[in-house]
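Hi everyone, thanks for making time this morning. Please have a look at the structure on the screen, and I'll walk you through it.

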Amino acid sequence: MQDMLVRLLTLPDAAPQRTALAEKGINIRRCNPFEAHILEDWIAEHFSPRWVCESRVAMAHQPSGCFIATKDSQILGFVCIDATARGFIGPMGVSEAARGQGVGKALMLTGLEQMRSLGYVYAIIGGAGPVDLYKRWVGATVIEDSMPGIYADILPNPVK
C-alpha cells in the first residue's frame, strides 16, 4: 500500500463531525495516559499487535497522541499521530459495529487538526488502506513511488 499526503492548510473543520456524533452520544477525545492499557487491549482484540506497538509510542507523547471515540464509556475507534514516524497519522481503526456513522472521519479530522496545531503543514498517511475514503474525507493524494516506504523489511509476527 502506498503512502498518502494530506495538506493541512485546507483541512475541513472537524467540529461539525464531532457535534453530529455527540448528538448520538459518541464522544471524540484525547485518550488519557491512565487508559493506555484499555486502549491497547481493545486494539489487540480488534486489529493488530503492530498497531498496539504504534499506539504505545503515540500514548507516550505529552499530551497523548491518541484520540478515541467512545460511547457509554466503550471504545468505538482510535487514531494515533506521530507514532510510526513524525508527521505520520495512523494507525486508525473503528470497530465494525461503529463503521458507517462518521466515527472514522471525525477521528481522522481530529488527529489532523492536532497535527496542524503542532505546526505541521502536511501529514502522511502511511500504507494507506482505503485510499478513496481518504481522498474524499481530507483530500489526500497518493505519494508516487512510496511503496514500501517505512514499512519495508518488517519483522514477521511470531507464530503461536
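Let me begin with a term: two strands pair if DSSP finds at least two bridges between them. Helices (H or I, at least four residues) and strands (E, at least two) are DSSP runs, numbered from the N terminus. A word on the source: this is a predicted model, where local features need pLDDT of at least 70, side-chain atom pairs count only at pLDDT 80 or more, and totals for chains, interfaces and linings use all residues. Residues are numbered from 1 along each chain as its sequence is written, and side-chain values use heavy atoms, with hydrogens and water left out.

Now to β1. This strand pairs with β7, residues 141–142, in the antiparallel sense over two bridges, and Leu5 has Thr141 as its bridge partner there. β1 also runs antiparallel to β6, joined to that strand by four bridges; here Arg7 is partnered with Tyr122. Met4 and Val6 form the covered face of β1, while Leu5 and Arg7 form the uncovered one.

Next, the interior. In soluble globular proteins, nonpolar side chains tend to be buried together. By a nonpolar core I mean a set of buried Ala, Val, Leu, Ile, Met, Phe, Trp, Tyr and Cys residues joined through side-chain atoms within 4.5 Å. Buried is under 20% relative accessible area, exposed is over 50%, and partly exposed is in between, using a 1.4 Å probe and protein chains only.

The largest nonpolar core here has 31 residues, and those with the most contacts inside it include Val6, Leu107, Met108, Ile125 and Tyr134. Among the elements that each supply at least two of its residues are β1, β2 (26–30), α4 (103–117) and α5 (131–138). Which element gives the most to this core? That is α4, with seven residues.

Take Ile125 as an example. Setting aside neighbours within four places in sequence, Ile125 is in contact (heavy atoms within 4.5 Å) with residues including Met4, Val6, Met108 and Tyr134. There is also a second, separate core of 14 residues, which includes Ile43, Val52, Ala58 and Met59.

On to how two of the helices meet. α4 and α5 pack at an angle of about 65°, with their axes 11 Å apart. The axes are lines fitted to C-alpha atoms, for helices over the stretch in contact, and angles run from 0 to 180 degrees between N-to-C directions. At this meeting point, Gly104, Lys105, Met108, Leu109 and Leu112 of α4 touch Tyr134, Trp137 and Val138 of α5.

Last topic: how many salt bridges does a search of the whole structure find? Three, counting a side-chain nitrogen of Lys or Arg within 4 Å of a carboxyl oxygen of Asp or Glu.

One joins Arg18 and Glu113 at 3.1 Å, N to O. Arg18 is in α1 (residues 15–22) and Glu113 in α4, so this pair ties together parts that are 95 residues apart in sequence. Arg18 is partly exposed at 25%, whereas Glu113 is buried at 16%.

Another links Glu40 and Arg56 at 3.2 Å, N to O. Glu40 sits in α2 (residues 36–46) and Arg56 in α3 (residues 49–59), so the parts tied together are 16 residues apart in sequence. Glu40 counts as buried at 19%, and Arg56 is partly exposed at 45%.

Finally, Glu35 meets Arg29 at 2.7 Å, N to O.
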